[in-house]
Amino acid sequence: MAIYLDHAATTPVHPEVKEAMLPYLEQQFGNPSSIHGFGREIRNAVDRARDQIAGALHAAPGQVIFTSGGTEADNLALIGVARALREQGKDHVVTTQIEHHAVLDTCEFLEEIGFRVTYVPVDATGLVSMNELRQAVDDRTALISVMYGNNEVGTLQPVEEIGAFAREQGILFHSDAVQAFGVEPLDVQRLPVDLLTISSHKINGPKGVGALYVDRDVPLRPLAHGGQQERRRRAGTENVPGIVGFGRAAQIAMGNREQYREHTSRCRQAMLEELESAGVTFTVNGHPERHLPHILNLSFPGADTEVMLMNLDLEGIACASGSACTSGTLELSHVLKAMHLPDEILRSAIRFSFGRGNTEEEVRQAAQTIAATVKRLTEQSK
Amino acid sequence: MVYLDNSATTQPDPEVIRVMSDVMRDIYGNPSSLHGLGGKAERLLKQARETVARILGVSPQSLVFTSGGTEANNTAIKGVAYQHRGRGRHLITTQVEHAAVYEVCRQLEKWGWEVTYLPVDQQGRVRPEDVAAALQEDTVLVSVMHVNNEMGTVQPIPEIGRLLQDYPKVLFHVDAVQSIGKLEVRPREWGVDLMSFSGHKFHGPKGVGCLYVREGVTLSPLLVGGGQEGGFRSGTQNMPGIVGFTKAAVLAEQRRAEAVPRMYRWKQEMIEAVTDRLQDVRINGDTSEKGGAPHILSLSFPGLKSEVIVHALEEKGVAVSSKSACSSKGEEPSRVLKAMGLDDETAVGSIRISTGADNRDEDIQRGIEALTAVIPRLQHVMKGGS
Ligand SMILES: Cc1ncc(COP(=O)(O)O)c(C=O)c1O
Ligand SMILES: Cc1ncc(COP(=O)(O)O)c(C=O)c1O
């Protein structure tokens with residue numbers, strides 16, 4: 001049996017989530033826009049899911065736009081706000097060097113259509129520099145986009161501070177909270193954010209669905225035009241089973257958030273303890289305290305990432321080099337590069353990410369296998 | 001309840017639900033992950049792509065999975081317009097497109113593109129010679145739907161494709177969302193460069209669609225970040241959705257030969273019944289076997305309100321629609337029917353009846369009974385009777 005330590009890439013669908021979805025594939029198949037009974041019932045199901053997501057964020061249901069995932073929500077947030085505020089003479093966006101590609105590539109597109117983008121650097125722990133961020137804004141800055149918790153190293157950004165600063169400057173603030181949702185307390189009443197991205201398949205919900213929280217009065221132009229769905233902010237027939245599944249997954253995640261944090265922290269701790277007692281040399285990438293509990297990024301100097309991943313895969317341990325989307329190409333991580341880590345650290349980094357299905361026992365077992373593999377590989381190369 | 005609104009959405013086939021359910025349970029990896037579980041998902045994704053490619057007669061690399069027909073249309077039209085803006089900023093489409101094409105074109109106009117909306121004849125069909133005449137030096141894209149979702153008329157796609165062969169720089173997009181399982185679609189043979197599909201219209205799941213992008217065609221993606229789907233569409237793939245889409249496409253194609261004559265017969269039966277037994281009824285679109293899709297029937301009852309008819313039929317246990325689901329809440333008369341020359345009064349009294357592969361003869365009989373009971377009563381009321 002494989003030990004799955006790649007929950008930051010994606011998570012298995014919770015059996016209760018699947019149960020909740022099935023009726024909306026079977027008898028409840030109507031189109032929510034239809035005016036007959038088939039449609040009305042489905043509209044109610046989508047509304048219930050919207051309430052569940054809104055509840056998880058302490059938002060109002062009208063502030064939740066369902067999308068096809070985190071990537072679309074990030075694209076919509078950045079492009080939607082940029083296009084709307086361009087009409088008011090704004091042409092500048094501030095983000096960081098360690099965002100997910102869904103944000104970084106969208107910023108590249110914004111540059112193509114004439115925006116200026118400042119990519120604020122981070123320190124060696126992956127923490128964004130507040131000073132540089134403050135200096136980056138000018139009077140034509142439309143938006144600041146800084147992720148809540150990083151998907152590769154887990155570092156938590158000072159979003160409250162950034163948000164407060166953005167408010168003070170009259171600049172909108174977006175945060176990609178895909179990795180933080182279900183883990184960190186996301187309360188938009190307290191948190192000074194205007195837009196927030198979340199994704200279902202990272203919280204044991206189905207793939208192909210996500211959401212963007214958008215505060216009232218935030219000007220946003222749609223990305224997809226066509227139907228009048230999602231109050232004209234996102235056209236396209238709703239992925240009803242997906243939305244229902246996402247709602248249920250969020251509800252379950254909220255009910256278990258504290259246990260989940262404790263559980264993943266224990267798994268993370270177990271991994272570190274075992275590796276230490278096995279006597280392998282490793283470093284922890286990311287911030288020592290301010291980190292997501294479920295992500296652990298380690299470097300084993302001398303053990304090349306790609307070789308490690310292959311060997312661990314053969315041993316039945318599923319983990320990653322960085323984010324899943326980029327790992328297909330195995331380029332050096334832009335996040336670790338931005339942290340200015342030494343080359344041998346960059347080239348030997350592995351991300352372990354824990355989740356609901358893991359047991360402390362299997363994590364310890366995995367750690368022993370990892371330690372043995374590292375020893376074998378580093379011995380060989382001597 | 002009898003469901004005769006299959007152009008709005010269809011009931012997923014039990015086999016589709018089964019494969020989706022299996023994928024949700026067993027194949028939870030991310031296809032972009034390098035490890036074995038990711039590899040398993042990637043292989044399944046590859047298989048799905050190959051299967052759909054075989055059905056369409058195209059290469060697997062030319063298929064881009066999306067979140068639905070709307071996203072496919074947005075990706076194709078905005079993507080081509082933006083990518084080739086240096087060459088020209090003129091687009092040609094028709095007055096009868098679905099909102100997911102029409103609204104995109106309207107948006108492009110706001111962004112500085114010029115769009116020609118070609119008129120249609122009384123059956124709702126665009127003339128290929130009008131397409132030819134509308135071509136300009138700076139035309140980059142022609143977008144014409146295959147089957148119209150409101151009245152079923154089939155557009156002359158192969159003819160348009162043929163005439164566009166002489167203009168290799170003009171790309172040709174076809175919204176074929178209503179076609180799978182009802183008509184054959186051959187993008188390559190027809191000279192089509194981009195074609196949109198949506199799973200929930202042929203007994204597959206909602207939230208998944210597909211865009212054919214002929215190899216060599218470039219476009220600026222709608223969604224970026226991650227580089228999935230050959231860079232044409234970023235975002236973690238909706239694995240159960242894609243597998244469900246594929247299963248549904250296979251079943252639709254297998255069943256097409258026997259389902260189409262049946263649907264066509266139902267359509268004829270309904271036409272006969274309403275013309276024989278009702279007064280003041282107009283049948284919209286081309287209803288011939290060659291010129292009209294077998295599953296869509298559009299009827300107008302001048303003087304009545306479509307929503308009133310829909311609700312009255314619902315009380316009789318039959319679900320049909322007032323117009324396309326995406327705009328069914330609008331009160332205005334259908335833009336599409338007006339383009340065919342219907343006056344406002346006729347257009348606001350129109351309903352759409354659409355059948356699916358899972359309907360049975362009894363459903364059609366119930367539909368006919370409900371219509372013939374409801375319409376005369378409503379007409380009587382409208383004429384001031386009591
Ligand atoms: C931080 C972050 N943002 C965005 C995404 C993209 O979300 P999705 O996979 O739902 O498109 C991911 C996951 O890949 C992520 O980790
Ligand atoms: C012709 C046509 N194009 C596009 C669409 C939109 O597809 P989807 O519902 O998958 O977004 C539809 C259906 O609503 C349609 O009938």
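Which helices of chain A each supply at least two residues of the shell around ligand 1? In this predicted model, they are helix H3 (70–86) and helix H11 (324–327) of chain A, and H3(A) gives the most, with three residues. The shell around ligand 1 comprises 19 residues, of which Gly69(A), Gly70(A), Thr71(A), Asn151(A) and Thr236(B) come nearest. Because residues from chains A and B surround ligand 1, the site is shared between chains. By class, the shell around ligand 1 divides into five nonpolar, 12 polar and two charged residues.

Taken as a whole, chain A contains 14 helices and 12 strands. Its radius of gyration is 21 Å, close to the 21 Å that the globule rule gives for 382 residues, so chain A is as compact as a globular protein of that length. Along its principal axes, the C-alpha trace of chain A spans about 70 × 55 × 35 Å.

We turn next to the other ligand. Ligand 2 lies between chains A and B, and it is surrounded by 17 residues, the closest being Thr237(A), Gly68(B), Gly69(B), Thr70(B) and Ser198(B). The largest share of the shell around ligand 2, three residues, comes from H3(B), and by class this shell has five nonpolar, 11 polar and one charged residues.

The contact between the chains takes 62 residues from chain B and 62 residues from chain A. On the side of chain B that touches chain A, helix H1 (14–26), helix H2 (36–56), helix H3 (69–83), helix H4 (99–110), helix H7 (239–277) and helix H8 (306–315) of chain B each supply at least two residues, with the largest share, five residues, coming from H4(B). The residues of this side of chain B divide into 24 nonpolar, 31 polar and seven charged.

Chain B also holds an open sheet of three strands in the order E9-E10-E12, with antiparallel pairing. Strand E9 (282–284) and strand E12 (350–354) of chain B stand at the edges, each with a single partner strand, so one side of each is left without a neighbour in the sheet. From one strand to the next, the twist averages 30 degrees. Three bridges join E9(B) to strand E10 (residues 296–300) of chain B, the two running antiparallel, and Ile283(B) stands opposite Leu299(B) in E10(B). H7(B) packs on this sheet, touching E9, E10 and E12 of chain B, and the direction of H7(B) makes about 15 degrees with that of E10(B).

Technical notes:
Residues are numbered from 1 along each chain as its sequence is written. Chains are lettered from A and ligands numbered from 1 in the order in which they are written. This is a predicted model: local features need pLDDT of at least 70, side-chain atom pairs count only at pLDDT 80 or more; totals for chains, interfaces and linings use all residues. Two residues are in contact if their C-beta atoms, placed from the backbone, lie within 7 Å. Helices (H or I, at least four residues) and strands (E, at least two) are DSSP runs, numbered from the N terminus. Ala, Val, Leu, Ile, Met, Phe, Trp, Tyr, Cys and Pro count as nonpolar, Asp, Glu, Lys and Arg as charged, and the others, Gly among them, as polar. A residue is near a molecule or strand if its C-beta atom, placed from the backbone, lies within 6 Å of it. Two strands pair if DSSP finds at least two bridges between them. Axes are lines fitted to C-alpha atoms, for helices over the stretch in contact, and angles run from 0 to 180 degrees between N-to-C directions. The radius of gyration is taken over C-alpha atoms; the globule rule is 2.2 Å times the number of residues to the power 0.38.
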